[in-house]
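This briefing is meant to be read alongside the sequence and the coordinates. It begins with the chain as a whole, then turns to its core and to a few individual residues.

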Amino acid sequence: MLDALTVALSAAALALAAWCGYAAFRDQPTKDWHFIGMAVVTVLALAQLVTGIVQLARGEEADQGSVIFISYLIGAFLAIPAAGFLSLSERTRWGSVTVAAGAVVLAVLEVRLYDIWKA
């Protein structure tokens with residue numbers, strides 16, 4: 001898998017977590033610009049999902065198994081959209097906390113994906 005994409009996605013997820021965490025600190029719900037940030041992170045996760053599937057289709061192997069690798073790829077792709085939808089139902093500062101937590105989860109999933117692929 002592309003190391004640069006994994007690092008970029010992790011950095012973007014942590015930046016989104018800090019941004020939404022700051023909004024929660026200021027007692028603000030998620031705003032439209034937060035959703036733009038979530039869209040950017042989701043597009044990066046989609047690129048990673050496609051890249052991972054293409055590499056598996058070309059015959060490359062994940063060290064800890066393809067099924068667990070694909071499961072983590074799908075989970076990483078769905079982490080931010082799920083947090084975004086949950087934040088829509090909670091239009092208080094806790095919506096921002098939800099997105100920040102989802103972004104931290106995505107960053108941790110990226111570390112695990114790297115470990116699954118490279119182990």
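Among contacts in the chain between residues at least 6 apart in sequence, what percentage joins residues at least 24 apart? The share is 81%, a value that, like the others below, is computed from a predicted model. The chain holds 4 helices and 0 strands, and its elements follow one another from the N terminus in the order α-α-α-α.

**Overall dimensions and surface**

- The radius of gyration of the chain is 15 Å, which agrees with the value near 14 Å that a compact globule of 119 residues would have.
- Along its principal axes, the C-alpha trace spans about 50 × 20 × 20 Å.
- Of the 119 residues in the chain, 39% count as buried, while the accessible surface comes to about 6200 Å², with 71% of that area belonging to carbon and sulfur atoms.

**The largest nonpolar core**

- In soluble globular proteins, nonpolar side chains tend to be buried together.
- In this chain the largest nonpolar core has 25 residues, of which Leu-16, Val-41, Phe-69, Ile-80 and Leu-106 touch the most other members.
- Two or more residues of this core come from each of α1, α2, α3 (66-89) and α4 (93-118), and α4 gives the most, with 9 residues.
- When neighbours within four places in sequence are left aside, Leu-106 is in contact with Leu-9, Ala-13, Val-41, Ala-76, Ala-79 and Ile-80; two of these partners, Val-41 and Ile-80, are also named among the core residues that touch the most other members.

**Ala-12 in helix α1**

- Ala-12, which is found in helix α1, is in contact with Val-41 and Leu-44 once its neighbours within four places in sequence are left aside.
- Although Ala-12 and Met-38 are separated by 26 residues in sequence, their C-alpha atoms are 9.3 Å apart in space.

**Asp-27 in the loop between α1 and α2**

- Asp-27 is found in the loop that runs between α1 (3-25) and α2 (32-57), and its phi is near 65 degrees, a positive value in a residue other than glycine.
- Is Asp-27 buried or exposed? Its relative accessible area is 52%, and because the cut-off for an exposed residue is over 50%, Asp-27 counts as exposed.

Key. Residues are numbered from 1 along each chain as its sequence is written. This is a predicted model: local features need pLDDT of at least 70, side-chain atom pairs count only at pLDDT 80 or more; totals for chains, interfaces and linings use all residues. Side-chain values use heavy atoms; hydrogens and water are left out. Buried means under 20% relative accessible area, exposed over 50%, partly exposed in between (1.4 Å probe, protein chains only). The radius of gyration is taken over C-alpha atoms; the globule rule is 2.2 Å times the number of residues to the power 0.38. Contact means heavy atoms within 4.5 Å. Accessible areas come from the Shrake-Rupley method with a 1.4 Å probe; for residues, only the protein chains shown count as cover. A nonpolar core is a set of buried Ala, Val, Leu, Ile, Met, Phe, Trp, Tyr and Cys residues joined through side-chain atoms within 4.5 Å.
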